[in-house]
Amino acid sequence: MPEDPQDSSVSQRLLPKSHSRNGKKRREATSSEVSSVSEYQEPEEDSNDGDYGDRSSTTDESLATGSAYVGTLIAFEQKQSPNYLEQHFRIAPHVPSPKPGTMVAVEAITDDGRHSRILERVTNAWEVNPHEDAFSSNLREVIPIRTEYAEEGSSTVIYRVAAIEPLKEAILDESGNVLEIRDVQTLPRAGAFVYMATGDQIVEALGLEDNPDRGIYVGALRGSDISVFLKRDVIQRHMLIVGGIGTGKSYTRGVVAEELRMLGVPQVNIDVNGEMVEAAEELGGINLEPGTDFQVPLSALTADDVINAIPSLNGNMVDLVRHAHEELLKASRKSGDHFLLNDLLDKIKAVGPDLEMRPVTINPAKSRTESLRRITYLGTPYDWKSVLTPGAFININCKGLLVSDLRIITAAVARDLQHLGQAKEFPFVAFSIDEFHLVTPANQDSVALQVIRELARIGRHVRIGLILTTQSPQDVDRSILKRLLTRFLHAIEPDQLEALRGVLSDASDDLVKQLPKMPQGTCILTGAYETIRHASVIQVRKRSTTHGGATPDIWSDFEAAGWVGKRQISQPEETHE
């Protein structure tokens with residue numbers, strides 16, 4: 001099996017010196033000897049090739065490194081391959097076909113004669129079988145003659161091919177140890193052996209954390225048991241979690257919450273559907289109900305936020321309320337004190353005459369502003385400073401709220417956190433929003449849009465990292481989306497793919513085509529160079545906390561109510577006029 005990336009004594013080793021690239025006779029493992037790509041080891045070789053130096057045969061040492069032989073690089077004339085952008089290898093018989101995203105290593109010799117391994121990502125795989133082309137298949141049906149032919153491994157014309165793309169190059173010393181990992185500067189030759197990539201190559205090439213105690217453990221690379229630990233600094237550059245209903249996006253959010261809790265990062269979560277209520281308690285956090293457990297002051301909102309929340313304001317009334325609120329806001333920021341609805345009403349009455357407005361304007365403006373009293377969550381500010389201690393998890397349960405209320409709460413909490421961060425009142429906080437397309441929709445002003453834009457742009461400077469989750473990226477403000485530099489992309493509907501074009505990093509077209517059919521709990525992990533250097537496919541790890549977003553088992557509920565199995569529809573009763 002591939003090495004455990006936590007085992008430094010193993011992870012610093014690669015293969016012993018490799019074998020011939022000329023396809024000399026080799027023993028192939030039988031199907032009983034191999035159950036997965038990562039378990040299949042390179043068999044012994046009876047000769048070597050001068051182009052690749054003196055190669056020793058495989059020893060027990062290669063088994064310890066977890067470097068499994070999976071195939072041989074081929075020349076593919078139609079694609080002018082191998083080239084620096086795309087290469088192809090013939091998959092060894094009995095080796096399971098590698099899935100898109102699987103990492104492999106191709107042996108090579110640098111221009112100055114050193115051994116190297118080119119880390120490459122599988123983008124697709126297919127079978128070549130001339131016995132089963134359209135003509136041959138049709139011929140067997142038209143002329144019913146039983147035809148038998150040798151299978152892959154015995155046949156000279158049946159084989160499988162995998163397409164791969166180069167990512168990084170590992171330079172090796174004479175003992176097979178990694179000296180450096182650099183950009184690809186060597187073109188491997190057709191006939192070179194292809195192996196499963198080892199942990200140290202992958203960790204370095206993807207920019208992952210090699211110390212588990214300092215990293216964010218999110219899962220394992222698809223097709224291997226190599227754990228993926230993100231560097232903890234990625235939270236300062238914001239995260240995006242995308243996926244359709246039931247694909248695992250909220251599950252992934254829970255995994256990130258567990259990891260940040262273990263690292264001591266305080267978290268504030270806007271829980272649109274109430275999916276993190278149980279997890280918050282299990283993480284030692286608290287759940288807040290807007291209007292019951294906490295309120296937000298008017299001083300946490302902008303004038304536009306307030307105006308949008310007041311019905312039927314028009315003409316001079318809008319200017320009056322705006323001026324009154326902005327006057328209070330200036331004084332509030334200078335003094336550090338908050339203000340409430342009564343303060344705003346008094347200010348409207350006070351500044352009206354200064355603006356040469358008459359009672360016919362002042363009185364309706366006041367009475368309509370009074371309607372803000374219906375909003376139960378507007379009131380005295382919540383003491384964020386006292387609760388945002390290391391490891392805190394604050395879950396704001398917004399289940400059942402109107403979208404307009406959700407936007408006001410999100411805007412107020414975001415501005416409170418922004419002001420505290422600017423004043424350095426906490427070391428750092430992760431601010432997450434579920435279904436954030438509801439809060440910051442594209443091509444539409446909302447009360448929360450401006451502050452979330454600001455946090456996406458300068459959040460790390462005010463000690464705030466965003467974690468934004470959505471099932472509809474095409475409905476999200478683009479300026480926010482492109483600034484979320486670590487991305488977990490679960491299965492998404494094809495019509496949503498265009499919206500993700502700017503965040504796919506170097507994921508190949510073939511890999512992107514797999515996205516709509518990505519299995520539940522599997523995602524493409526991409527990012528900027530500082531976060532994830534190359535796109536990869538990961539299987540998200542198992543959560544420790546309760547997942548509140550699971551699809552309900554309605555059929556068990558029906559059975560509990562007495563309706564077991566499928567019943568026949570009875571004959572309709574005779575009707576009478």
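1. Salt bridges. The structure, a predicted model, holds 19 salt bridges. Among them is the pair formed by the side chains of Arg-121 and Glu-165, with a nitrogen-to-oxygen distance of 2.6 Å. This pair links distant parts of the chain: Arg-121 belongs to strand S4 (residues 115–128) and Glu-165 to strand S5, 44 residues apart. Both Arg-121 and Glu-165 are buried.

2. A second bridge involving strand S5. The side chains of Arg-182 and Glu-169 meet in a salt bridge of 3.3 Å, N to O. Because Arg-182 lies in strand S6 (residues 178–182) and Glu-169 in strand S5, the pair ties together parts that are 13 residues apart in sequence. Arg-182 is buried, and Glu-169 is buried too.

3. A bridge between partly exposed residues. Glu-132 and Arg-140 form a salt bridge through their side chains, at 2.7 Å from N to O. How exposed are the two partners? Glu-132 has a relative accessible area of 39% and is therefore classed as partly exposed. Arg-140 is also partly exposed, because its relative accessible area is 23%, and the threshold for a buried residue is under 20%.

4. The nonpolar patch. Phe-135, Leu-139, Val-142, Ile-143 and Ile-145 make a nonpolar surface patch of about 510 Å². One of these residues, Ile-145, is found in the loop between H3 and S5. Ile-145 has a relative accessible area of 54%, so this residue counts as exposed; the cut-off for that class is over 50%.

5. Val-157. The loop between helix H3 (134–142) and strand S5 (159–172) also contains Val-157. Val-157 counts as partly exposed because its relative accessibility is 32%, which falls between the limits of under 20% for buried and over 50% for exposed. Which residues does Val-157 touch, if those up to four places away in sequence are not counted? The contacts are with Val-128, Asn-129, Pro-130 and His-131. For Val-128, which is 29 residues away along the chain, the C-alpha separation from Val-157 is 7.6 Å.

6. Ser-312. This residue sits in the loop that runs between helix H7 (303–309) and helix H8 (316–335). Ser-312 is classed as exposed because its relative accessibility is 52%, and the class begins at values over 50%. With residues up to four places away in sequence left out, Ser-312 touches Met-317 and Arg-368. The C-alpha atoms of Ser-312 and Arg-368 are 7.4 Å apart, although the two residues are separated by 56 positions along the chain.

7. The positive patch. Which residues form the positive surface patch? The patch consists of Arg-457, Arg-478, Lys-482 and Arg-483. Arg-457 is placed in helix H13, which spans residues 449–458. With a relative accessible area of 51%, Arg-457 is exposed, because the cut-off for this class is over 50%.

8. Helix H4. Is this helix mostly covered or mostly open to the surface? Helix H4 (residues 199–206) is mostly covered, with seven of its eight residues buried. The buried residues are Gly-199, Asp-200, Gln-201, Ile-202, Val-203, Ala-205 and Leu-206.

9. The chain as a whole. The secondary structure comprises 16 helices and 18 strands. The chain has 577 residues, of which 52% count as buried. Among contacts with a separation of 6 or more, 73% are between residues 24 or more positions apart. The accessible surface amounts to about 27,200 Å², and carbon and sulfur atoms account for 47% of this area.

Methods. Residues numbered from 1 in each chain as written. Predicted model: local features only at pLDDT ≥ 70, side-chain atom pairs only at ≥ 80, totals over all residues. Heavy atoms only, no water. Helix = DSSP H or I, 4+ residues; strand = E, 2+ residues; numbered from the N terminus. Buried < 20%, exposed > 50% of the residue type's maximum accessible area, 1.4 Å probe, protein only. Contact = heavy atoms within 4.5 Å. Patch = residues over 30% accessible without salt bridge, like charges linked within 9 Å, V, L, I, M, F, W, Y side chains within 5 Å. Areas by Shrake-Rupley, 256 points an atom, 1.4 Å probe, with all protein chains shown as cover. Salt bridge = Lys/Arg side-chain N within 4 Å of Asp/Glu carboxyl O. Lys, Arg positive; Asp, Glu negative; His and termini not counted. Charge placed at Lys NZ, Arg CZ, Asp CG, Glu CD.
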